[in-house]
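Thanks for passing this one along. Here are a few friendly notes on its charged side-chain pairs, to read with the model open beside you.

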Amino acid sequence: MDKEKTLIVDVDEKPDLLQWFFLSFQHVFAMFGATILVPMMTGFPVSVALFASGIGTLIYTVCTKRKVPVYLGSSFAYISAVILAVEAMGGDISAAQTGLILVGIIYVIVAIVIKFIGKDWIDKLLPPIVIGPMIAVIGLGLAGSAISNAGFIEGGDVAPMIVAIVTFLVAALISSQAKGFLKIVPFLIAIVVGYILSICLGIVDFSGVVSAKWFSMPEFAFPFALGNFKQYKLYFGPETLAILPVAIVTISEHIGDHTVLGKICGKNFLKDPGLDRTLIGDGVATAISAFLGGPANTTYGENTGVIGLTKIGSVYVTCGAACIAIVLSFCGKVSAVISSIPSCVLGGMSILLYGVIASNGLRILIDEHVDFSKQRNLIIASAMLVIGLGGAVFPLGGSATLSGTALAAIVGVFLNLILPDKEENNS
């Protein structure tokens with residue numbers, strides 16, 4: 001693997017101070033758009049998301065013995081489950097936060113199992129025919145929210161629609177046509193353009209920005225009373241349980257991201273420091289983020305992209321980016337400006353983002369050459385899509401139910417286990 005190494009700055013190299021600062025700022029800039037987009041869509045405080053992504057990255061770095069140049073940002077995979085959990089609880093984040101804490105614990109448990117028996121069982125339990133439709137359900141399940149935020153509703157104002165269209169087109173054009181570093185930051189540039197256009201059309205409220213302080217504590221929320229911070233209660237109801245199956249997808253994404261990053265860096269991170277350590281780092285970071293009142297953390301494709309583009313794979317750089325994110329989380333003006341971004345900008349972004357999430361599910365099926373001439377594959381995908389998008393609800397007793405993404409995931413895993421694969425049986 002070392003012979004394939006193409007990095008200019010290797011994993012354990014420490015750049016000089018000026019170079020370190022520039023590279024760290026460039027790295028956090030690449031992660032910034034996606035990191036703030038998740039809390040903006042789910043209603044979590046942006047300041048906590050920034051703080052949690054920084055702290056989470058540092059925790060991950062310690063857990064992986066400073067061997068993997070990964071930046072952890074806010075996870076898109078949990079958006080739909082979190083939104084549904086918050087809505088079901090009447091705006092209370094208790095179910096969502098408890099669910100995300102449990103997701104982090106699931107990561108740690110899976111890591112321990114992998115440590116002792118390996119990871120082959122994951123491939124058998126979660127093949128592409130289950131993961132692909134699962135990701136598609138996550139994206140398509142949010143389609144209505146994207147359209148509503150973009151303002152494309154009967155009787156809607158034209159100005160927000162124009163902003164949403166421009167935001168969408170900017171993100172789409174940069175993603176498909178831009179080269180170099182610009183191609184890594186389409187979300188951030190689209191948000192900036194949409195925000196400027198919103199200002200020109202007079203649909204931005206600056207009152208919160210004017211009143212915000214330059215220095216302020218992030219808006220933490222804890223499962224216990226602490227000063228003036230918000231408090232949520234640990235809640236283990238059906239809304240919480242519905243979040244847990246999404247961990248199936250994010251664990252698979254975790255393995256894929258580290259495999260690709262390893263190829264870029266000329267190393268095998270799944271062996272050294274090992275998948276168990278990378279999963280523990282990701283899981284502990286997610287649990288702590290949720291404990292503080294933030295979204296789930298995840299390894300970022302943008303992180304892999306910027307390292308592949310710049311050939312800078314230093315852990316010192318990703319840690320520097322984490323420190324910058326933490327500093328920004330204490331700047332009240334930054335959080336206030338982000339909070340003032342109109343929903344139509346988010347709507348335009350969401351149309352592309354949710355569609356890309358869904359399309360990535362299809363991409364997995366194509367890349368893995370899933371054969372839909374096999375009746376079992378057709379049945380698994382069809383059942384997951386209809387159940388996940390059709391509003392199916394399965395009672396568990398009392399007020400507990402399974403629905404949406406969670407139910408689709410369980411059905412997919414179950415069908416994959418009971419429907420025989422004739423090729424495997426004949427081999």
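The points below go through salt bridges in this predicted model.

1. A search of the whole structure turns up four salt bridges. Three of those are worth a look here, starting with the pair formed by aspartate 272 and lysine 67. Their closest N and O atoms are 2.8 Å apart.

2. Where do aspartate 272 and lysine 67 lie? The aspartate is in helix α13 (residues 270-291), while the lysine is in the loop between α2 (46-63) and β1 (72-74), so this bridge ties together parts that are 205 residues apart in sequence. Aspartate 272 is partly exposed, at a relative accessible area of 41%, and lysine 67 is partly exposed as well, at 29%.

3. Helix α13 also holds aspartate 276, whose side chain meets that of lysine 115 in a salt bridge, at 3.9 Å from N to O. Because lysine 115 belongs to helix α4 (residues 94-117), the pair links parts that are 161 residues apart in sequence.

4. Lysine 119 is partly exposed, with a relative accessible area of 28%, and aspartate 123 is partly exposed at 43%.

Definitions and conventions. Residues are numbered from 1 along each chain as its sequence is written. This is a predicted model: local features need pLDDT of at least 70, side-chain atom pairs count only at pLDDT 80 or more; totals for chains, interfaces and linings use all residues. Side-chain values use heavy atoms; hydrogens and water are left out. Helices (H or I, at least four residues) and strands (E, at least two) are DSSP runs, numbered from the N terminus. Buried means under 20% relative accessible area, exposed over 50%, partly exposed in between (1.4 Å probe, protein chains only).
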